[in-house]
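The topics are grouped below.

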Amino acid sequence: MSKIREADEITISRQGITTGELMERAGTEAYLWLKKRFPDKETVFHVFCGKGNNGGDGLVVARLLHKDNYKVIVDIVEGTGNPSEDFTANLEKLDENNLACNTNEIYEYKKHKIVFLDAIFGIGLNREVGAEAKAVIERINNSGAKIISIDVPSGMFMDRKSELAVHSDIVLTFQFTKLAFYLAGNCNFIKEIKVLDIGLDKDFIANEPTQYFLTDRAEAHQRYRPVPSHAHKGIQGHALIIGGSYGKIGAVALSSKAALKSGCGLVTAYIPKCGYSIVQTTFPEAMVLTSGEEHIDSITFDIEPKAIGIGMGLGQHPETQQAVLEFLKHQKMPMVIDADALNILSYNKEWLNMLPENTILTPHPKELERLMGSWEDDFEKMEKIRAFAKEHKIILVAKDAFTIVACNDTVHINSTGNAALATGGSGDVLTGIITGLLAQSYSPADAAIFGVYLHGLSADIGVCDTSKQAFIASDIINYLGAAYLKIEAEKMQR
């Protein structure tokens, strides 16, 4: 939050503008976006403004919409602090344009032609919302209108857990997105994010150090490695997928197929004998090695894979745990650890010291808690993830609504994916994708960050055909090709 304010100050100084002119610029960008999204002049905008600078932004938007002949209702919300100087200046401009506030007007609108514009609190909120503002937020949330927030959903804290906030359909946020938008506890407050460029100083933004990064389209494009024109299976890498036990062979089948579909040249599944016919039948492209009858009791092989994924459906039998220990003692190559292998590590935390540097761990929330302990809120979780990865010199892929990748003392928050991924086997597929990318000589950091993006993008594409309810883990694999094609087409357009 302090860096955002500093960016404002630097911009004002370097560009020779006033705070009011910057507010006008921000409000104008929001107005232009709204005008494009809602061109029908029968649309009614009900604007709720606090008395701070976020409310001032809302007043600019209201004035510009009014001048453009939209129907605009403005309510100034009490209990939102003392009026800021720029808020007061823009309130006076409303009077000059014959737009009254707090009129209690009863207005009519056609179905789906009402927009509630939230400009009550911005990034500076540092106290619990009072009764008057709380009542307005609840009114907005229960309105049934299209809800659009200016910069942030009102009530959302930027640095701690938020209990009450506007449930925004769209957030029009200024210049760059905010970390708090991507924390699991805030998912109910935001459906869609639009970033509006308001001309903040680009040199300051580019040169300001940060530990937090958003894996968006541009970031994914930089990490993507196209298949070379001279490629053959021998140079595209060999992935070894270790896992499976009686009743859980499907996990290895999914992971192995995902590895091959990610682009590597060869895949070998290392499984107990009970899964041999299953994998050979359902996934004929895979080679298979076996150990044990119904669960793996040793891990030895004479092939030379370029990357290994381990844990999917593995089980936690005593013999299997011992096999994992012996395997880790001698393992030096790039590796992805998931599922039961993670649980085995959580019971034997001293084994973490045996992991090769930059080993990738892919826990879901419960597995993560077993590994590093509980947390109070998402902000503490973020810091614990970063510290855990740094301490053990690993890459931690913390799966959640927005998956977080911690590596090299930085945190990368993924922007793709949706609720369709909340289905059994999606994590097995992710491990396969990352292992396959490692086998193709992606660096561990690139494999984790790009792999998570690719996994989510496949779901974003596929869900349009299947629905969230009907989407299953195999669909992620089926739409990997479409995801790659989309990335390649986007790179061609740049």
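Does aspartate 446 count as buried, partly exposed or exposed, and at what relative accessibility? At 21% relative accessibility, aspartate 446 counts as partly exposed. The model is predicted. The count of salt bridges comes to 27, and the largest nonpolar core has 56 residues.

- Arginine 223 and aspartate 446 meet through their side chains in a salt bridge, at 2.4 Å from N to O.
- Because arginine 223 lies in helix 7 and aspartate 446 in helix 15 (residues 444-466), this pair ties together parts that are 223 residues apart in sequence.
- Arginine 223 also forms a salt bridge with glutamate 219, where the closest N and O atoms are 2.8 Å apart.
- Arginine 223 counts as buried because its relative accessibility is 15%, under the 20% cut-off.
- Glutamate 219 counts as buried too, with a relative accessibility of 18%.

- A salt bridge joins the side chains of lysine 113 and aspartate 40, with 2.7 Å from N to O.
- Lysine 113 lies in the loop between helix 4 (85-96) and strand 3 (114-119), and aspartate 40 in the loop between helix 2 (19-37) and strand 1 (44-49), so the pair ties together parts that are 73 residues apart in sequence.
- Lysine 113 counts as partly exposed, at 23% relative accessibility.
- Aspartate 40 counts as partly exposed, at 29% relative accessibility.

**Salt-bridge network**

- A network of salt bridges links Glu383, Arg386, Lys390 and Asp409.

**Nonpolar cores**

- Within the largest nonpolar core, of 56 residues, those with the most contacts inside it are Ile360, Val429, Phe450 and Leu454.
- Helix 15 gives the most to this core, contributing eleven residues.
- Isoleucine 360, leaving aside neighbours within four places in sequence, is in contact with Met335, Val336, Ile337, Ile395, Val397, Ile434, Leu438, Pro444 and Ala448.

Notes. Residues numbered from 1 in each chain as written. Predicted model: local features only at pLDDT ≥ 70, side-chain atom pairs only at ≥ 80, totals over all residues. Heavy atoms only, no water. Salt bridge = Lys/Arg side-chain N within 4 Å of Asp/Glu carboxyl O. Helix = DSSP H or I, 4+ residues; strand = E, 2+ residues; numbered from the N terminus. Buried < 20%, exposed > 50% of the residue type's maximum accessible area, 1.4 Å probe, protein only. Core = buried A, V, L, I, M, F, W, Y, C linked by side-chain atoms within 4.5 Å. Contact = heavy atoms within 4.5 Å.
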